[in-house]
Amino acid sequence: MVLDSFALVPPIAALTAGDTLAVLKPDPRMLEHTAAQLGTGPLSDVVFIGDSETDAQTADNAGVPFLLHANGYAHGPLKDMRSAAIFQ
């Protein structure tokens, strides 16, 4: 498994990839599925960290705060993306 080869197990407790569900981001079910794997309860206990407009839309669709990583896949100005914070 890829995670094993990078020694990311057990630090990564849950993983939802593009082929895990029949839906893709920005569908909020991606976050709901991951939260269920972690046993966090409602999405009100979740913060989504991402690096693109699609990630920001996913967080918005799920109604969770979004933290934007500045060095990612964003196509437009970072200031135009709704986020609780921007970090590098």
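Q: Leaving aside its neighbours within four places in sequence, what is leucine 68 in contact with?
A: Gly50, Asp51, Ser52, Leu78, Met81, Ser83, Ala85, Ile86 and Phe87. Contact means heavy atoms within 4.5 Å.

Q: What are the ground rules here?
A: This is a predicted model, where local features need pLDDT of at least 70, side-chain atom pairs count only at pLDDT 80 or more, and totals for chains, interfaces and linings use all residues. Residues are numbered from 1 along each chain as its sequence is written, and side-chain values use heavy atoms, with hydrogens and water left out.

Q: Which elements does the protein chain have, from the N terminus on?
A: The order is α-α-β-α-β-β. That comes to three helices and three strands. Both are DSSP runs numbered from the N terminus: helices are H or I with at least four residues, strands are E with at least two.

Q: And in what order do the strands sit in the sheet?
A: β1-β2-β3, in an open sheet with parallel pairing. β1 (48-50) and β3 are at the edges with a single partner strand each, so one side of each has no neighbour in the sheet. The twist averages 25 degrees from one strand to the next. Two strands pair if DSSP finds at least two bridges between them.

Q: How many bridges link β2 and β3?
A: Three, in the parallel sense. Leucine 67 stands opposite alanine 85 in β3.

Q: Which strands does helix α3 lie across?
A: β1 and β2. Helix α3 covers residues 53-62 and runs at about 170 degrees to β1. Axes are lines fitted to C-alpha atoms, for helices over the stretch in contact, and angles run from 0 to 180 degrees between N-to-C directions.

Q: Switching to the inside. Which residues make up the largest nonpolar core?
A: Twelve residues: Leu31, Ala35, Leu43, Val46, Phe48, Ala56, Ala59, Ala62, Val64, Phe66, Leu68 and Met81. Such a core is a set of buried Ala, Val, Leu, Ile, Met, Phe, Trp, Tyr and Cys residues joined through side-chain atoms within 4.5 Å.

Q: Which elements give two or more residues to this core?
A: α2 (29-38), α3 and β2. The largest share, three residues, comes from α3.

Q: How much of the protein chain counts as buried?
A: 27% of the 88 residues. Buried means under 20% relative accessible area, exposed over 50%, partly exposed in between, with a 1.4 Å probe and protein chains only.

Q: Then what about threonine 54: where is it placed?
A: Threonine 54 is in helix α3. Its relative accessibility is 38%, so threonine 54 counts as partly exposed. Beyond neighbours within four places in sequence, threonine 54 is in contact with Lys25 and Pro26.

Q: Last one. What is the radius of gyration of the protein chain?
A: 14 Å. A compact globule with 88 residues would be near 12 Å, which agrees. The value is taken over C-alpha atoms, and the globule rule is 2.2 Å times the number of residues to the power 0.38.
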